[in-house]
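Here is a short briefing for a modelling reader. Look over the sequence and the coordinates before reading on.

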Amino acid sequence: MQEIVFKQTHNVFLDNGIIGLYRYLQRATRDELPSWMAPLRPFNLREGEHFNLTNSELRIMHERLFDLLEEVYYVMGKEVYDTFTPKQETEGGNLYFNEDGTSFWRFPKMNTYGVTELLTNNAQGVTRLETNTRKFAAIEKDNPVLASAIQQGFSKAGIKMLSKIYFNEPYTKLTRLEKPIKAYFEEGPNACYLTGESVKRLVDGQNISPFISGITMFNSYLNSSDKKVSWKALYLSRFAPVTSLYIYPNKLREGLNVYFVYSDTLTNLNDLLSEKLFGGLMKDRDVLKQHEFLANFPKNDENNALGKGFDYIGVNENLFYLLFTLLKQILGEKPTPETYARRIARGLFTKTVGLVSIRADAFASTMRPSRFEYLSHFRYAIDIINRLEKQGINFRSVLGSLKLIKPSLKGGQNSYALERQLREQILERVLNGKTIIDDIEGYYVDCYGYLLDSLNDPTKNIGFKHYNQIFNFLNAYETTTNPIIMENADLQSRALKLGAQVGQGILNYAENDRKTNARQGRKYIISLRKANQFDRFLAELSRIQTRFTLNFSRDLLEGVNADNYAWIKQFIIISALNQINPELSPKSSTSNENK
């Protein structure tokens, strides 16, 4: 067999695996190769002659085909799976021996990270040749002299001996490749539900790859053979991490967010994963190693307009951070409208593009996928970020201010995640074009209550918030995406004016202390919010007007009726609290809130 074809499957993992394999074949054509890629040099690969990528397939042709597939597999494993930190490299915490145990060589302990952790569950390493891994108990029984030499080697190196002993080569964290046989490729009765191809014999994916058996995406539940897949599918799945983007929310690695790009053709997918687009977000190998493999994107977050990536731990927070960073990479920091139109059209909008996000959480000693979502309206997400920025929205101020936690929960075990829970929820809605009025109204009301509590107990302070930036963000977003607001822009504008009048009226009442007035106004704001009928809404407005001697213009309420009062009421409350909350909030030394 001298030719193999990997066809596009429209399975995001396998299609990314095809591109990952293609990238390593391309790299092998270079004149100068790093030492760990040296095994590919004897194949003298040339694109077009030995491999070729089209819209629908990757075709590989070589007289030593199986040898080539095996070598490129383990070369990829050296870079992507056999990962170790600088500390692990210095310590050299493991040994492998020659056959008689008289010589040994150190090599670092390794761990898998990102998608490789999901694929292997960070299983114990194996040697490429099965005979090079033996259990010490068996060695001790069969060859006591060799066992004694091995014990002396570990003692001399000062390393604790484990149950498995390695000979002639260090272990790899990549699952040992099952030797291909003709039955894996010849047409037969057994269909692979991942590739759609029917072959004589499938391979067992359950015991080899926990990720494949664990994630529902890989299980059709039709029959018991679903855990079996074709040799091609399993081979490609192990190349999928090459093009993936991932981030652990913290150094404890309690969760993992992973993102895959997908497209309608393999050539489009390859273009999208180029250095000019998504590929340009990924950290270099040495940088990734120095950062202990906590995240392979962005390439550099030192000057990122949203701050450090580890502040964004939720799937949608991370996704927003990724899209924002991608947009900045394509456009630069201060793009003109012409730049946006030209670069986006040339790079992203001419291709079908989407993202798959996966969330996995630590459970005992494993990482278990808990969420799997498609972002198919990628163009919308990129465009809304750009539009809001052009309208003056400072996302760093907005997203920093949306971190909120009930003061009594500060210092709790999950406080870091709880503080970002609302932001994750809002960004999920933004990325999917859903209204955020309810969330922002709840945010302002919660802040109002916490701020009033902090007047009595300063330890309950929620910190400085850019209320005006959040207010502007809400208005810009809703007037861009919400058809009801877009069709009633005048009504919304009048609601905001009325709300501002209510807020200032409460603060300035009877020349009292403004904080005292803010405290007294709380019950009126709460009663207005609870008004769930149109008549009661009008009555509560009248009550506020009477209590704080306000003079509402009739024009402000013209057009308000039982059908639209609910969202108008929300804008009134938000606008009123946008006046009151900054008065109660601690002042920032670097910004004037309402400018």
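Predicted model: local features only at pLDDT ≥ 70, side-chain atom pairs only at ≥ 80, totals over all residues.

Residues are numbered from 1 along each chain as its sequence is written, and side-chain values use heavy atoms, with hydrogens and water left out.

**Overall build**

- The chain has 25 helices and 15 strands. Both are DSSP runs numbered from the N terminus: helices are H or I with at least four residues, strands are E with at least two.
- The C-alpha atoms fill a box of roughly 95 × 55 × 50 Å, taken along the principal axes.
- Of the 595 residues, 53% count as buried. Buried means under 20% relative accessible area, exposed means over 50%, and partly exposed lies in between (1.4 Å probe, protein chains only).
- Among contacts with a separation of 6 or more, 71% come from residues 24 or more positions apart. A contact means heavy atoms within 4.5 Å.

**Sheet β1-β3-β2**

- Three strands make an open sheet in the order β1-β3-β2, with antiparallel pairing. Two strands pair if DSSP finds at least two bridges between them.
- β1 (3–7) and β2 (51–53) are the edge strands, and each pairs on one side only.
- From one strand to the next, the twist averages 10 degrees. Axes are lines fitted to C-alpha atoms, for helices over the stretch in contact, and angles run from 0 to 180 degrees between N-to-C directions.
- β2 and β3 (residues 57–61) run antiparallel and are joined by three bridges. N52 stands opposite R59 in β3.
- Helix α2 (residues 65–80) lies across β1 and β3, at about 50 degrees to β1.

**Sheet β5-β4-β7-β6**

- Four strands form an open sheet in the order β5-β4-β7-β6, with mixed pairing.
- β5 and β6 (133–135) stand at the edges with a single partner strand each, so one side of each has no neighbour in the sheet.
- The twist here averages 40 degrees from one strand to the next.
- Four bridges join β4 (residues 94–97) to β5 (residues 104–107), and the two run antiparallel. F97 has F104 in β5 as its bridge partner.
- The hairpin of β4 and β5 has six residues between the strands, and G101 there takes a positive phi near 75 degrees.
- β6 pairs with β7 (residues 164–167) in the antiparallel sense over three bridges. The bridge partner of T133 in β7 is Y166.
- Helix α6 (residues 144–157) packs on the sheet and touches β4, β5, β6 and β7. The direction of α6 makes about 145 degrees with that of β4.

**Helix α16**

- In α16 (residues 421–431), the buried residues are L422, R423, E424, I426, L427, V430 and L431.
- These buried residues pack against α11 (315–331), β15 (366–375), α13 (378–390), α14 (395–401), α17 (437–456) and α18 (467–481).

**Aromatic rings**

- The structure holds 39 aromatic pairs. Rings of Phe, Tyr and Trp (its six-membered ring) pair if their centres lie within 6.5 Å; planes under 30 degrees apart count as stacked, over 60 as edge-to-face and the rest as tilted.
- F278 and F378 have ring centres 5.9 Å apart and planes at 50 degrees, so the pair is tilted.
- This pair links distant parts of the chain, 100 residues apart: F278 is in the loop between α9 (266–272) and α10 (285–290), and F378 is in helix α13.
- F278 is buried at 1% relative accessible area, and F378 is buried at 0%.
- F320 and F324 form a stacked pair, 6.5 Å centre to centre with 20 degrees between the planes. They are four residues apart in α11, so about one helical turn separates them.
- One aromatic cluster is formed by F6, F66, Y73, Y74, F185, W231, Y235 and F239.

**Charges over rings**

- The charged end of R285 sits over the ring of W36, 4.8 Å from its centre. The criterion is NZ of Lys or CZ of Arg within 6 Å of the ring centre and within 35 degrees of the ring normal.
- R547 places its charged end over the ring of F548, 5.3 Å from the centre.

**Cysteines**

- The disulfide count is zero, where a disulfide is a pair of cysteine sulfur atoms within 2.5 Å.
- C192 is buried at 2% relative accessible area, and C447 is buried at 0%.
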